[in-house]
Amino acid sequence: MIFQEIYNLAVKMGIESDLRGKAKVQKYLKRVKEKYEKFPVDEKEEFDKEKLTNPFSDTRILIGDPKQKIKTIYVGIDIDSAELMIAKYLSEESGKKIDLALSHHPEGKSLAALDEVMHLQAEILADYGVPINIAEKLMKPRIDEVARGVSASNHNKAVDAARLLKVNFMCVHTPADNLVARFLKNLIEKKKPETVGEIIKILKEIPEYKIAVGLNAGPKIFVGSPDNYVGKIAITEITGGTSGSSQMYEKMSQAGIGTIIGMHMKEEYKKQAEAANINVVVAGHISSDSLGMNVFLDELEKKGVEIIPAAGLIRIRRK
Ligand SMILES: [Fe+2]
């Protein structure tokens, strides 16, 4: 595959699996385009043109020639300078050239713009019955907080390492998180668990989570007990950049949500969910990230690309 085709496929799969629905994402892109066209010249120059076709600010080609042919990819959940060194070492020692390092978690400009993808959370919450005005109002300060939080990091450190090592580098974050969110939503709708314990049982049948159990990182009940009835299940904490607002649980409870399935949850958030009487199942962070990446990587393999799993990625192939 060509580097650009890999990036394009990630964006396409991310849009198609987006819990907002493809039509809403396309409308969003249309609005971005309309705003862009009205910008004055200087703002147009500053504007990242990728935003016109890619709704995921945390997914970008970070460095390299997009026209290059890619046969072998080193893929990890987190690729930093050390991982790039391993990729380079393997490339030279094994004689098998690694053409691209692919990180799930964002680096470089994608990390600096992580907050921009969080808006999708409000729309997903609205689909679960939280009024959109409330979801947006509560998300806004949290998105600003994340923007300020990431602004302090040395975003481009790993990208500089890739440049010096001459390794092509990209990250695919929200498209992969959308793929795992869609996977879990379909599975839960099909299996219709009635208790929280049944959700855990269903998750443990998925190979990535089964392996995570062996690594002491399997699915866990953070709030509630195995015998609790699930009520309405919401897959709201799987995609959308990073954790949303801790004040959302009360509103989710009022919207009739009984149980949420998430990737990970901070203590403060857990307390708020508990106070709102919502059951919380934490599927697992790196295992969930792996599942989403695997759905994408299977498509790359079908097109003849070889995958070298690294840096936390639990690689499972599906037919
Ligand atoms: Fe993650």
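Which residues line the largest cavity? In this predicted model, local features need pLDDT of at least 70 and side-chain atom pairs count only at pLDDT 80 or more, while totals for chains, interfaces and linings use all residues. Residues are numbered from 1 along each chain as its sequence is written, and side-chain values use heavy atoms, with hydrogens and water left out.

Lining the largest cavity are Q121, L125, M139, T236, E237, G244, S245, M248 and M252; a lining residue has an atom within 4 Å of a cavity point, on a 1 Å grid over the protein atoms alone where a 1.4 Å probe fits but cannot get out. Two or more of these residues come from each of α6 (119-127), β6 (232-237) and α12 (248-254), with helices (H or I, at least four residues) and strands (E, at least two) taken as DSSP runs numbered from the N terminus. This largest cavity holds about 70 Å³ of space.

Then there's the iron ion. H105 (NE2), H285 (NE2) and D289 (OD) coordinate the iron ion at 2.1 to 2.2 Å, donors being N, O and S atoms within 2.8 Å of the metal (3.2 Å for Na, K and Ca). Along the chain, the spacing reads H-x179-H-x3-D. H105 sits in the loop between β3 (100-103) and α5 (108-112), and D289 is 184 residues away in helix α14 (residues 285-302).

As for S57, it turns up in the loop between α3 (41-46) and β1 (60-63). Setting aside neighbours within four places in sequence, S57 is in contact (heavy atoms within 4.5 Å) with S110, A113, L114, E116 and V117. The S57 side chain reaches the backbone oxygen of A113 at 2.7 Å.

How values were computed
A polar contact is a pair of N or O atoms within 3.5 Å; within protein, one must be able to donate a hydrogen and the other to accept it, and residues adjacent in sequence count only if both atoms are side-chain atoms. On a 1 Å grid over the protein atoms alone, a cavity is a set of points where a 1.4 Å probe fits but cannot get out, and a pocket is an open set with protein on both sides within 12 Å along at least five of seven lines; lining residues have an atom within 4 Å of a point. Grid points are joined across faces, edges and corners, and a volume is the space filled by probe spheres set on the points.
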